[in-house]
Amino acid sequence: MPFTFTNLKIADVILIEPKVFPDDRGYFMESFKASDFANANLPTNFVQDNFSFSKKNVIRGLHYQKEPKAQGKLVTVFKGAVWDVAVDIRRQSQTFLKWVAAELNDQNHAMLYMPPGFAHGFVSLTEDVHLLYKCTNEYDPKADAGICWNDPDIAIPWPVQNPILSEKDCLLPFSHQAELF
């Protein structure tokens, strides 16, 4: 199997490490294989890919889609490095409003999978970050939602002093005002 699947502290969030085959020309790796993901009880029905380019210190998030258009996301970085965060927004979960994070970069080639019911965000740790995430549901602007990146009830210790944010992300509500799962 060319992947290692590891449950993080929130067991539904999975760190995925591909096997990388380097040689003097560069390297080769599989970034997705439906049969291996199915054997690990992960979705194989990704219906949309999104690409993000970010400069250093950009925070994007915390984003999610509301039901019935909720999305699972498989996140990977092809250039640069990010600190990628998944926040459990499922009210009935024992880990409600808890978060996990992993560094994803072009050296470790790691990926992070979060199922529907999680808000997603990241901060770019390097210049010129190229990030791709596969989604289990297509984007629907009517279902688009988010939580403010610095929500005190979640208390994520972002590894950045002066983050760069979009106007949209600056206006996101705190979790106690957001429509959660």
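The following legends describe close-up views of a predicted model.

**View 1. Burial of strand E8.** Strand E8 spans residues 81-88 and is mostly covered, as eight of its eight residues are buried. The covering extends to both faces of E8. On one side, Ala 81, Trp 83, Val 85 and Val 87 are buried.

**View 2. Pairing of strand E8 with strand E9.** Strand E9 comprises residues 99-105 and pairs with E8 in the antiparallel sense. Seven bridges connect E8 and E9.

**View 3. Pairing of strand E8 with strand E11.** Strand E11, residues 118-124, runs antiparallel to E8 and is joined to E8 by seven bridges. Ala 86 has His 120 of E11 as its bridge partner.

**View 4. The open sheet of six strands.** The strands of this open sheet follow the order E1-E2-E10-E7-E12-E5, and their pairing is antiparallel. Strand E1 (3-7) and strand E5 (48-54) form the edges, each pairing on one side only. On average, neighbouring strands of the sheet are turned by 20° against each other, direction ignored.

**View 5. Strands E7 and E10 within the open sheet.** E10 and E7 stand next to each other in the strand order of the sheet. Strand E7 covers residues 73-79 and strand E10 residues 111-114; four bridges link the two in the antiparallel sense. In this pairing, Met 111 of E10 stands opposite Thr 76.

Methods
Residues are numbered from 1 along each chain as its sequence is written. This is a predicted model: local features need pLDDT of at least 70, side-chain atom pairs count only at pLDDT 80 or more; totals for chains, interfaces and linings use all residues. Side-chain values use heavy atoms; hydrogens and water are left out. Buried means under 20% relative accessible area, exposed over 50%, partly exposed in between (1.4 Å probe, protein chains only). Two strands pair if DSSP finds at least two bridges between them. Axes are lines fitted to C-alpha atoms, for helices over the stretch in contact, and angles run from 0 to 180 degrees between N-to-C directions.
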